Amino acid sequence: MKMSSWLIADELIKTRAFVFKNWVMTKRNIFTIFEILFWPVVGFLSVGLLTEFAGLQPQMRAFLLVGVVSMSTIQVCQLDVAYVLLYDVWSKAVKHGFIAPVGVRHLLLGSLIVGMARGAAVFFILMGASYYFFDFDFMAVGTGPMILFLLGLFLCAATVGILVCILVLIFGNRADVAAWSLVSLMLLVCGIYYPITILPRWVTPLSEIIPLTYFLDYFRHFYGFKPTFSHVLAKGFILVFVYLFLEIILMKAALRKAKKTGLLLKLSE
Amino acid sequence: MKLAVEVKGLRKTFVSGWLRKRRTEALKGLDLNVPEGGFWGILGPNGAGKTTLLCILANLLTPEEGEVKILGMEVRTHAMELCQRINLSSGHANFLWSLTVRENLKYYAMLYGLPGKRRKKKIEELLHLFDLGGFAGVRFDELSTGTKQKLSLAKALLNEPELLLLDEPTVGLDPDVAHRIRELIQQLHRERGTTILMTTHNMKEAETLCEQVAFIKEGTIKAFGRPKDLKRDLRLGDTIMIAFQGSLPASTLEGMTGIYGFQASDSTCRILVDDLRERLPQILDLFIGQKVFIHDLRIQESDLEDVFMAYSR
């Protein structure tokens, strides 16, 4: 009993270490203000005003605003997961983290907690802005669906952030550009600004393997859009958990490879 | 004798390049045994494999072949357990740049699972030990090289390691700061009995600090032992130069034990001896006994640098 409580405490302290690191780095990073406020708000307002200019129906406006808010939330949340490794890479301090008795789980969970906090901040800021500027109420769907949707977004963000970490462990710091570009790829195929039904047929299978497609489908059905797929929420969560599981295995393998090739040391030089 | 480090047949090759692959053999079947509580130095020219060896011991690199046991445990199968019991500090220290000294220590202390009160106490103790109290609130990127190095050592002691790996701990430091760091390392070894394995290019540092040194060249250990024994094995010896007046007892001198070589002219001689402290009184006794008057006496001691040069050739 005493042993298990000690183990739990140990796990919590190590996870908190990454929360602490990301939190302090976030506080001291001047770009935080841009990441949380400037870019999301500018992007959101641009799309919102475009809907005004185009004279879109409230339903169509809802479609676009849900898309842009989701995109910004995911982008900010995934950055934190990616940053947990990138901060060390940029500081050339990678080896100190990896000689400590911590596992990939501590690193990912700790950074995701900060990512969720920052992502939630973006989501709620944009939610307020939607209501204030464009008379669009995110809360109309109810608290439960909102929490499920937000959870889906955070888990999608985690898959993107972990993928960035894997790429950095395989290709080195050249891969840090993925932290800003991977999300943009999702923008094309998972129906952020348009339904995936308008995509060329050969792209659809790609959309179907991205969990975000299902979470967007789920949330938009509350605003009168017929879901493209059945059991969207279940499919979204199953897919995202499968990806997380596979990515954790891949990340451990990438770490082993980095120790074999010497990349882990090169990242500290 | 319990061993802190047991390395057998260690091989590590780095492969670089995409199309034209280039293979660099860093370690070629290296063997090393370091006893618990020992202070060993790893010396060798650039690219000899010193840092590679340390990084394999710290589980930052995986070797292709060989057996590595730390504190009696296989590194690959007991990685987590060993991480808790060893630590590494390297020259050209780098830590999270926008965290302060205290925050960096707090972060790494948390990685080692130190709970709240113990963590605070440990951090205060290390800040005090390394005179870092005045820099506790200073960001890492605003610190001087010496202070960064002290932080690196402080970080390496957070988990009270049983084995401490030091990779050129005083490289690039001013002599006074380097001296202080050496004192701290020595104190640490003396007071806590920590096993220390240190790489260095500074022969004086190795000679002052290390009980035993190992010379690595081209991925294998060429020699190891006490600095004094290495000098003796290489017959480098110490040189005694004497200017004299009288009849030199040449044949007696040549027949004495511990004399490696002897050159003389009418009024001067150069005697190469195995151990200066042992032979000088004997030689002086001989000169005085033979009533040879000594005008001048000069001594040139060989040091680890000579040993290094001999093995690097």
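Predicted model: local features only at pLDDT ≥ 70, side-chain atom pairs only at ≥ 80, totals over all residues.
What do the buried residues of H4(B) pack against?

Residues are numbered from 1 along each chain as its sequence is written, while chains are lettered from A and ligands numbered from 1 in the order in which they are written.

**View 1. Chain B as a whole.** Chain B has eleven helices and 14 strands; these are DSSP runs numbered from the N terminus, with helices being H or I of at least four residues and strands E of at least two. Along the principal axes, its C-alpha atoms fill a box of roughly 75 × 50 × 40 Å. Of the 313 residues in chain B, 42% are buried. Here a residue is buried if 20 or more other C-beta atoms lie within 10 Å of its own, exposed if 12 or fewer, and partly exposed in between, with C-beta atoms placed from the backbone. Take the contacts in chain B between residues at least 6 apart in sequence: 69% of them join residues at least 24 apart. A contact means that the C-beta atoms of two residues, placed from the backbone, lie within 7 Å.

**View 2. Helix H4 of chain B.** H4(B) covers residues 116-129. Its 14 residues should span 20 Å at 1.5 Å a residue, and the end C-alpha atoms are 20 Å apart, which agrees; the expected span is 1.5 Å times one less than the number of residues. Lys122(B), Ile123(B), Leu126(B) and Leu127(B) are the buried residues of H4(B). Looking down the helix axis, they fall within an arc of 130 degrees, so they line one face of H4(B); the arc is that of the directions from the axis to the C-beta atoms. Back to the opening question: the buried residues pack against H3 and helix H5 (145-156) of chain B. Lys117(B), Arg118(B), Lys121(B) and His128(B), on the other side of H4(B), are exposed. Just after the helix, Asp131(B) takes a positive phi of about 50 degrees.

**View 3. The two domains of chain B.** The domain assignment gives domain 1 (3-225) and domain 2 (232-312), with bounds from an automatic or database assignment. Taken over C-alpha atoms, their centres are 40 Å apart. Ten residues from domain 1 and six residues from domain 2 make up the contact. On the domain 1 side, helix H7 (203-209), strand E9 (212-217) and strand E10 (220-225) each supply at least two residues.

**View 4. Around Ile70(B) in the largest nonpolar core.** This core has 163 residues, and Ile70(B), Leu165(B) and Val213(B) touch the most other members. A nonpolar core is a set of buried Ala, Val, Leu, Ile, Met, Phe, Trp, Tyr and Cys residues joined through C-beta atoms within 7 Å. Helix H3 (residues 58-90) of chain A gives the most to the core, with 19 residues. Leaving out residues up to four places away in sequence, Ile70(B) touches Ala4(B), Val5(B), Leu57(B), Val75(B), Leu82(B), Ile86(B) and Leu163(B).

**View 5. Where chain B meets chain A.** Here 27 residues of chain B are in contact with 29 residues of chain A. Helix H2 (79-85) and helix H3 (101-111) of chain B each supply at least two residues of the chain B side. H3(B) gives the largest share of that side, six residues.
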